Amino acid sequence: MNDQVERTLYMDHAATTFMKPEVVAAMAPYLSEHFGNPSSLYRFAAESRSGVEAARRQVAAALGATPAEIFFTASGTEADNWAIKGVAFANKKRGSHIITSAIEHHAVLHTCEWLEKQGFSVTYLPVDKFGRVEPASVEEAITDETVLVSVMTANNEIGTIQPVAEIGRIAHDHGVLFHTDAVQAIGAVPIDVDAMKIDLLSLSGHKFYGPKGTGALYIRRGTRIDTLVHGGGQERGRRAGTENVPGIVGLGRAIELATADIEGHNRRIAAMRDRLIRGVLDAIPDSRLNGHPTERLPNNANFSFRYVEGESILLLLDGHGICASTGSACSSGSLEPSHVLLATGLSHEEAHGSLRLTLGDANTEDDIDYVLEVLPEVIGRLRRISPLTPASCRMPENG
Ligand SMILES: *Cc1c(COP(=O)(O)O)cnc(C)c1O
């Protein structure tokens, strides 16, 4: 849209990540010579089978689980659907109440809303102004009918990390299953499914430098859960469909790399992120940080700028080669901004003026300098040309 662009600066790693060269290298043989169907009986197929089983061990090791508890899916979305629908239907005789939070990803929220239409009842827990679920509110919401609590490990928009271990303990103490959508947390929050009392956990390869269209569900041994995808006997008869062998191999290598040094990785990314946050809040008046000040993903910065509209910010940033995201949704035809920002108590105006920058492993201090140079200019320009009428949600003419 703008031929002045000299560079592309990718700061939208919560949307998706690039694949690391080691991941691509691990996948390559399975995209070419090792093409056998893991279900076939001849020796040639054993290569594919062992690639899948090695990945299963890599995922299990990253979660403190056993390989038998790992099931590969085609996305994080499928893992969320399977966990929630599978537990709801398998435990229907025990009860039909589910507890989740108001700020879950749509893969969880829309699944819960669909279950309500099937006769299940769902409690959507509120969050505080930082986006945290109060563990005591989980306990208060549990009834004799409750079969599942599903609260995400970390939020994809504002980066807030939930007190998952406390919530897990409460669910466990009441004999209720606990599912967590850990899609954003892998590689940033150390996971131990036993210590955190997690019964089901969803993850997605493309959020931690692995391939798109891959995911996994951890299912604690003995958990009562129905099958979501019916067909052949793959994944020990519990998730049908010929395995995405290269994708699974890539996901396995990616999770191994992402969890090798979480602490060191977080330290490096958070230092850049903190300089970005300080720089933005100092340079731009009427700006605020969304999400929790400390309990947040190391790569997440989410701001609100008053008097401007998120999609206008994105358009101008794109003109400078910067890829970012917003919780504003004007172009989608709905004037309803992000359910996450609204749940933290933001006004519609503040939610419409939001900007999410999520750092990744290839970002450098130079990238932070560049954003700190461009962003104040962009916000200033939008504020000069934009009428202070947030309700109209109008795009500036030269945006
Ligand atoms: C991206 C994401 C998903 C969906 O994962 P896909 O693999 O893209 O389907 C689910 N939950 C959260 C928190 C996410 O960030």
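Reply: Angles under 35 degrees count as roughly parallel, over 145 as roughly antiparallel, 65 to 115 as roughly perpendicular and the rest as oblique. This is a predicted model, in which local features need pLDDT of at least 70, side-chain atom pairs count only at pLDDT 80 or more, and totals for chains, interfaces and linings use all residues. Residues are numbered from 1 along each chain as its sequence is written, and side-chain values use heavy atoms, with hydrogens and water left out.

Me: How are α2 and α8 oriented to each other, parallel or antiparallel?
Reply: Helices here are DSSP runs (H or I, at least four residues; strands are E, at least two), numbered from the N terminus. Axes are lines fitted to C-alpha atoms, for helices over the stretch in contact, and angles run from 0 to 180 degrees between N-to-C directions. The axes of α2 (residues 46-63) and α8 come within 8 Å and cross at roughly 30°. The two helices are therefore roughly parallel.

Me: Which hand does the crossing of α2 and α8 have?
Reply: A crossing is left-handed if the near helix is turned anticlockwise from the far one by less than a right angle, and right-handed if clockwise. For α2 and α8 the crossing is left-handed.

Me: How does α1 run against α8, parallel or antiparallel?
Reply: The axes of α1 (residues 21-31) and α8 (residues 245-258) come within 8 Å, at a crossing angle of roughly 155°. That makes the pair roughly antiparallel. α1 passes α8 with a crossing that is right-handed.

Me: Which residues come nearest to the ligand?
Reply: A residue is near a molecule if one of its heavy atoms lies within 4 Å of it. There are 13 residues around the ligand. The nearest are Thr77, Asp181, Gln184, Ser204 and Lys207.

Me: What is the distance from lysine 207 to an oxygen atom of the ligand?
Reply: A polar contact is a pair of N or O atoms within 3.5 Å. Glutamine 184 places a polar side-chain atom 2.7 Å from a ligand oxygen. For lysine 207, a polar side-chain atom lies at 2.8 Å.

Me: How much of the ligand's area does the protein bury?
Reply: Accessible areas come from the Shrake-Rupley method with a 1.4 Å probe. Alone, the ligand exposes 380 Å². The protein buries 89%.

Me: Which helix gives the most to the shell around the ligand?
Reply: The top contributor supplies three residues and spans residues 76-90. This is helix α3.

Methods. A polar contact is a pair of N or O atoms within 3.5 Å; within protein, one must be able to donate a hydrogen and the other to accept it, and residues adjacent in sequence count only if both atoms are side-chain atoms.
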